[in-house]
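Biologist: I am new to this one. Please take me through the core and the aromatic rings.

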Amino acid sequence: MVEVFRLDDGSQSVVLKVAIEPSFRSGDHRYHNAELIVQSDWINTRTDLDVRIGGADDELTEWAELLQRLGDWEINGEPNTTVEWPSSGEGGYVRIAADDPYQVSVTDGPRTGITIQIPLDLPAEWLDVNTAMLDQARLRLTP
């Protein structure tokens, strides 16, 4: 598996790991098994999802666009900046509300509907680290 993102404040984290080999293909899309992992002193859990790669609605491209929006918030501080990924909503997903600290929610999706919200005081370099991580993941996940 390859890490696509890591939101980590040193004591709590939300991480996305994606299987390198696709579990199935459909047209231009490759679907990769993935895990959203939540770790803290209080709770450690994970939920499964499929990440769609390729085609016009590539979810790695979607994540890059959301990172850009969060970067814009870091610079401009525009109110009500909340992003949700992946937008397909067919499995687990993450919602990030730009605030100080960031409010990160992980939902198990239709299986249980359980949502865990974690405040993360992300370090200044988190966007650069996650952009580089995404670039490396794309290299490993793109044939």
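Modeller: This is a predicted model. Its largest nonpolar core has 36 residues, and Val4, Phe5 and Val14 touch the most other members. Helix H1, residues 59-76, gives the largest share of this core, six residues.

Biologist: What is Phe5 in contact with, leaving aside its neighbours within four places in sequence?

Modeller: Its partners include Val14, Leu36, Trp63, Trp85 and Met133. Phe5, Trp63 and Trp85 also form one aromatic cluster.

Biologist: How many aromatic pairs are there?

Modeller: The count comes to six. In one of them, Trp73 and Tyr102 have their ring centres 5.5 Å apart and their planes at 70°. Trp73 is in helix H1 and Tyr102 in strand S8, 29 residues apart.

Biologist: Why is Tyr102 called buried?

Modeller: Its relative accessibility is 4%. Buried means under 20%, so Tyr102 qualifies. Trp73, at 17%, is under that cut-off too, so Trp73 is also buried.

Biologist: What makes the pair of Tyr102 and Trp126 edge-to-face?

Modeller: The planes stand at 75°, and the centres are 5.3 Å apart. The angle is over 60 degrees and the distance is within 6.5 Å, so the pair is edge-to-face. Tyr102 lies in strand S8 and Trp126 in helix H2, so the pair ties together parts 24 residues apart in sequence.

Biologist: How do you know whether Trp126 is buried or exposed?

Modeller: Its relative accessible area is 4%. That is under 20%, so Trp126 is buried.

Key:
Residues are numbered from 1 along each chain as its sequence is written. This is a predicted model: local features need pLDDT of at least 70, side-chain atom pairs count only at pLDDT 80 or more; totals for chains, interfaces and linings use all residues. Side-chain values use heavy atoms; hydrogens and water are left out. A nonpolar core is a set of buried Ala, Val, Leu, Ile, Met, Phe, Trp, Tyr and Cys residues joined through side-chain atoms within 4.5 Å. Buried means under 20% relative accessible area, exposed over 50%, partly exposed in between (1.4 Å probe, protein chains only). Helices (H or I, at least four residues) and strands (E, at least two) are DSSP runs, numbered from the N terminus. Contact means heavy atoms within 4.5 Å. Rings of Phe, Tyr and Trp (its six-membered ring) pair if their centres lie within 6.5 Å; planes under 30 degrees apart count as stacked, over 60 as edge-to-face and the rest as tilted.
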